[in-house]
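Dear colleague,

Please find below the structure that I am handing over to you. My notes on its charged pairs and on one surface feature follow it.

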Amino acid sequence: MMIDAQAAQPGFWFATAMIAAVVLCSTAGEVLTAAAMKSIGDLDDIRAHSGMKGAIRAVLTSPLFFAGVSFLALAFFALLLALNHLNLSLVAPAAASLTLVTNAIAGKFFLKENVDRRRWTAAVLVCIGVYLLAH
């Protein structure tokens, strides 16, 4: 019995959902980890005052850090699932580039970072690239 390769491919919305899961979990993980590191403060200062153990303790006792790492782990497993069902040539560039876009947005609104016009332009060009890749 012959299986049609096109019929075996996941549908558009399924593929979109898998890539979105990778992108959103990755962005959440990176934003939470960045917020943790900003709340901890300068690790060089902590290390100078409390030694390397103090710097490590500062990181490992941060709930935001563990939340970030948890979301990054979810992103990794979502990536594995996506690669199990979709082509690498679609998943890897789409997930990586869309994460760049969502990180710019999250950095601006959640971390109050200054995202300049050049980064917004790059984000728009990335979106165009992902559109061309998908079609």
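A salt bridge is taken here as a side-chain nitrogen of Lys or Arg within 4 Å of a carboxyl oxygen of Asp or Glu. By this rule, three salt bridges are counted in what is a predicted model.

One of them joins the side chains of Lys38 and Glu113, with an N to O distance of 3.2 Å. Lys38 belongs to helix α2 (residues 12-40) and Glu113 to the loop between α5 (88-109) and α6, so this pair ties together parts that are 75 residues apart in sequence. Lys38 counts as exposed at 51% relative accessibility, while Glu113 is partly exposed at 29%.

Another salt bridge links Asp44 and Arg47, at 3.5 Å from N to O. Both residues sit in helix α3 (residues 43-60), three residues apart, or about one turn of the helix. Asp44 is partly exposed, with 47% relative accessibility, and Arg47 is partly exposed as well, with 41%.

There is also a salt bridge between the side chains of Asp116 and Arg118, at 3.8 Å from N to O. Asp116 is partly exposed at 31% relative accessibility, whereas Arg118 is exposed at 62%.

Apart from the charged pairs, I would draw your attention to the surface. Val124, Leu125, Ile128, Tyr131 and Leu132 make up a nonpolar patch there, and together they have about 530 Å² of accessible area. Ile128, one of these residues, lies in helix α6 (residues 117-134) and is partly exposed, at 43% relative accessibility.

With kind regards

Terms used
Residues numbered from 1 in each chain as written. Predicted model: local features only at pLDDT ≥ 70, side-chain atom pairs only at ≥ 80, totals over all residues. Heavy atoms only, no water. Patch = residues over 30% accessible without salt bridge, like charges linked within 9 Å, V, L, I, M, F, W, Y side chains within 5 Å. Areas by Shrake-Rupley, 256 points an atom, 1.4 Å probe, with all protein chains shown as cover. Helix = DSSP H or I, 4+ residues; strand = E, 2+ residues; numbered from the N terminus. Buried < 20%, exposed > 50% of the residue type's maximum accessible area, 1.4 Å probe, protein only.
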